[in-house]
Amino acid sequence: MGLQRHTTARVRHELRRRVLTVSSTELLTPRMLRFGFTSPDLHDFASASHDDHVKLFFPAVGGDADGRESCMRDFTPRRFDRSQGTLIIDFALHESGPATHWATSAQIGDTLEIGGPRGSTVVPDDFDWYLLIGDETALPAIGRRVEELRADVPVTTFVLMEADEILDFRTKATWTPRWIARNGSPDDASLLRTVLADYALPNGEGFVWIAAEVSVARSVRNYIIEDLGHPRQWTKAAGYWKRGHADAHEKIED
Ligand SMILES: Cc1cc2nc3c(=O)[nH]c(=O)nc-3n(C[C@H](O)[C@H](O)[C@H](O)COP(=O)(O)OP(=O)(O)OC[C@H]3O[C@@H](n4cnc5c(N)ncnc54)[C@H](O)[C@@H]3O)c2cc1C
């Protein structure tokens, strides 16, 4: 297929802060809250890859009144509609933290400042198949990828959920979803490795994308590369949060 195949592109964006206004809210599942944002600042917003992130600026829980203790968290631009000027961001709700606190109390008309994306790493849509693995925090990026992939390309998703929290994505790709209910199990890594043990990687050249809690993403990446023998250059893993640590994330590499 020539030398250009599977070439990852790096795109830089001018780093800008934007002030957005909440224009809609929708509870997609009991633990996934979708926000629509509008703003004139979005006229030149750009997000080239499904796993881009924007920084959201929140008042710190317990911070002082003059805003000095604001803090940032990373979120996925789930969908951007330039013609409507709307940006969608999905929040996976959990027990605590400034982002979760903000999401559970925000109302239509509230404002939120964002920064970025600073850049995108674009994995081309020229692989024979895709495997996307993650937990609820990865679901926005997974959903966006499934929706954006080319027609008929096989894509399988393994997503951890508490229970009964499945979502539907509109796609022209050939999408095979696997929803994995925790049903009280605290061990995401074991759950994912168990279902992956029953899964045969398709033939051809595929790309595997993983995002979850740091130790879970690392464990699944090791399994994909070491046990299943998938090429590491066609595997990308990221820790989207770290148990017991606020605002923690990691790129997982060797
Ligand atoms: C590139 C990237 C993209 C991301 N995109 C999204 C996205 O689109 N939607 C989304 O919901 N999240 C996304 N995340 C994850 C999100 O940034 C973290 O979950 C973040 O910690 C949430 O901030 P918080 O203020 O709610 O909690 P923090 O203040 O950061 O953490 C408070 C406590 O909660 C724990 N915690 C954090 N997240 C979770 C969780 N999901 N489940 C259980 N415990 C948790 C922490 O370990 C800590 O003990 C993304 C992360 C990255 C790196």
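## Two helices side by side

Helices α3 (residues 188-197) and α4 (residues 214-227) pack at an angle of about 25°, and their axes are 9 Å apart. Axes here are lines fitted to C-alpha atoms, for helices over the stretch in contact, and angles run from 0 to 180 degrees between N-to-C directions. α3 and α4 are therefore roughly parallel to each other; angles under 35 degrees count as roughly parallel, over 145 as roughly antiparallel, 65 to 115 as roughly perpendicular and the rest as oblique. Helices (H or I, at least four residues) and strands (E, at least two) are DSSP runs, numbered from the N terminus.

The crossing of α3 and α4 is right-handed, a term for the near helix being turned clockwise from the far one by less than a right angle. On α3 the contact is made by Asp-188, Ala-189, Leu-192, Arg-193 and Leu-196, and on α4 by Ser-215, Val-216, Ser-219, Val-220 and Tyr-223. Two residues are in contact if their C-beta atoms, placed from the backbone, lie within 7 Å. By class, this contact has 6 nonpolar, 2 polar and 2 charged residues. Ala, Val, Leu, Ile, Met, Phe, Trp, Tyr, Cys and Pro count as nonpolar, Asp, Glu, Lys and Arg as charged, and the others, Gly among them, as polar.

## About the model

This is a predicted model, in which local features need pLDDT of at least 70 and side-chain atom pairs count only at pLDDT 80 or more, while totals for chains, interfaces and linings use all residues. Residues are numbered from 1 along each chain as its sequence is written.

## Two domains

The domain assignment gives domain 1 (10-119) and domain 2 (125-252); such bounds come from an automatic or database assignment. The centres of the two domains, taken over C-alpha atoms, are separated by 23 Å. In domain 1, 16 residues are in contact with 15 residues of domain 2. On the side of domain 1 that touches domain 2, β2 (17-29), β5 (70-75) and β7 (86-92) each give two or more residues. The largest share, 3 residues, comes from β5. That side divides into 5 nonpolar, 4 polar and 7 charged residues.

## Around the ligand

Of the 26 residues around the ligand, Thr-76, Ala-92, Gly-97, Ala-99 and His-249 come nearest. A residue is near a molecule if its C-beta atom, placed from the backbone, lies within 6 Å of it. Both domain 1 and domain 2 supply at least three residues of the shell.

## Backbone exceptions

Most residues other than glycine have a negative phi, and most peptide bonds are trans. The bond from Gly-116 to Pro-117 is cis, with omega near 5°. Phi of His-6, in the segment before β1 (9-12), is near 65°, a positive value.
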